[in-house]
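Good morning, and thank you for coming.

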Amino acid sequence: MASHFEIELDKLKSIIEKIGKLAEGQVSESVKILLQEPEAAEGKSIKKTENKIDKLDIKIDEICQSIFALQQPVASDLRFIMSAMQISNEIERIGDLSISIVKRSKNIKEKHDLIVKFNIADLARQVELITVKTNNCFITRNENTIGEIFVLNKDIRNNCEDAIHEIINEMKVNSKAVVSGTNLVIILKHLERISEHCTNIAEYVYFMINAKIIKHDKFDDLRSED
């Protein structure tokens with residue numbers, strides 16, 4: 001029979017998986033709205049999902065505090081609990097950014113032309129993909145997936161910087177693109193931040209596995225030492 005401690009750890013893992021999937025759905029829905037896809041909702045579902053995430057985030061804190069108060073977790077269990085609190089915070093921020101993307105998207109009247117011209121759809125799909133990989137790496141504890149997340153984050157960061165540079169140049173020569181371009185630049189920064197939060201989660205998962213803190217920009221150096 002499982003102990004109370006084991007039950008609480010399983011509950012904690014289950015809740016993190018749940019809010020991870022909720023945030024993944026938020027990112028997907030915000031991308032649909034940004035790209036004006038036919039099946040895109042109005043964004044109300046994202047706000048409802050955010051309320052669910054907030055409640056689960058509080059629940060995670062309560063479980064972690066209870067475990068620390070009543071148990072004496074050590075080694076891998078302690079790393080998991082410490083990481084769980086941080087991962088929950090990262091997921092909550094991903095949800096906030098998704099809502100901001102929806103709000104900004106509604107303020108872009110000529111966004112479709114800019115999105116097509118600067119290939120924003122592919123970049124947005126990359127951000128969708130990194131959220132999926134992030135949830136998978138938490139569930140599977142697969143280090144190969146963690147490495148894929150680090151590489152994908154670097155690509156997203158570079159692509160965002162390139163797109164922002166091109167949009168700014170467009171605004172310099174086309175005054176009609178200034179309002180929409182400004183909102184799109186902010187959206188791109190939000191997408192980049194979502195990618196960074198996903199990468200932070202991957203770093204916490206790496207810590208859970210290896211008891212080492214590794215920043216994603218040093219991951220290649222670490223792999224070369226193995």
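Let me start with a definition: a residue is called buried if its relative accessible area is under 20%, exposed if over 50%, and partly exposed in between, using a 1.4 Å probe and protein chains only. This is a predicted model, in which local features need pLDDT of at least 70 and side-chain atom pairs count only at pLDDT 80 or more, while totals for chains, interfaces and linings use all residues. Residues are numbered from 1 along each chain as its sequence is written, and side-chain values use heavy atoms, with hydrogens and water left out.

I begin with Cys 137. With a relative accessible area of 0%, Cys 137 is buried, because the limit is under 20%. Cys 137 belongs to helix 5, residues 120-140; helices here are DSSP runs of H or I with at least four residues, strands are runs of E with at least two, and both are numbered from the N terminus. Which residues does Cys 137 contact, leaving aside its neighbours within four places in sequence? They are Asn 142, Thr 145, Ile 146, Ile 149, Ala 202 and Val 205, where contact means heavy atoms within 4.5 Å. Tyr 206 is 69 residues from Cys 137 in sequence, and their C-alpha atoms are 9.2 Å apart in space.

I turn to the partners of helix 5. Helix 5 packs against helix 6, residues 143-173, at an angle of about 155°, with the axes 10 Å apart. Axes are lines fitted to C-alpha atoms, for helices over the stretch in contact, and angles run from 0 to 180 degrees between N-to-C directions. Helix 5 and helix 6 are therefore roughly antiparallel. By the cut-offs, angles over 145 degrees count as roughly antiparallel, under 35 as roughly parallel, 65 to 115 as roughly perpendicular and the rest as oblique. The contact of helix 5 with helix 6 has twelve nonpolar, five polar and three charged residues. In these classes, Ala, Val, Leu, Ile, Met, Phe, Trp, Tyr, Cys and Pro count as nonpolar, Asp, Glu, Lys and Arg as charged, and the others, Gly among them, as polar.

How do helix 5 and helix 7 lie, parallel or antiparallel? The axes of helix 5 and helix 7, residues 178-210, come within 10 Å and cross at roughly 20°, and the two helices are therefore roughly parallel. Their contact has 16 nonpolar, four polar and no charged residues.

The ring centres of Phe 80 and Phe 138 are 6.4 Å apart and their planes are at 25°, so the pair is stacked. Phe 80 lies in helix 3, residues 75-105, and Phe 138 in helix 5, so the pair ties together parts that are 58 residues apart in sequence. Phe 80 is buried at 8% relative accessibility, and Phe 138 is buried at 4%.

Finally, I come to Arg 141. Arg 141 is placed in the loop between helix 5 and helix 6. Its phi is near 60°, a positive value in a residue other than glycine. At 26% relative accessibility, Arg 141 counts as partly exposed.

Conventions
Phe/Tyr/Trp six-rings, centres within 6.5 Å; stacked < 30°, edge-to-face > 60°.
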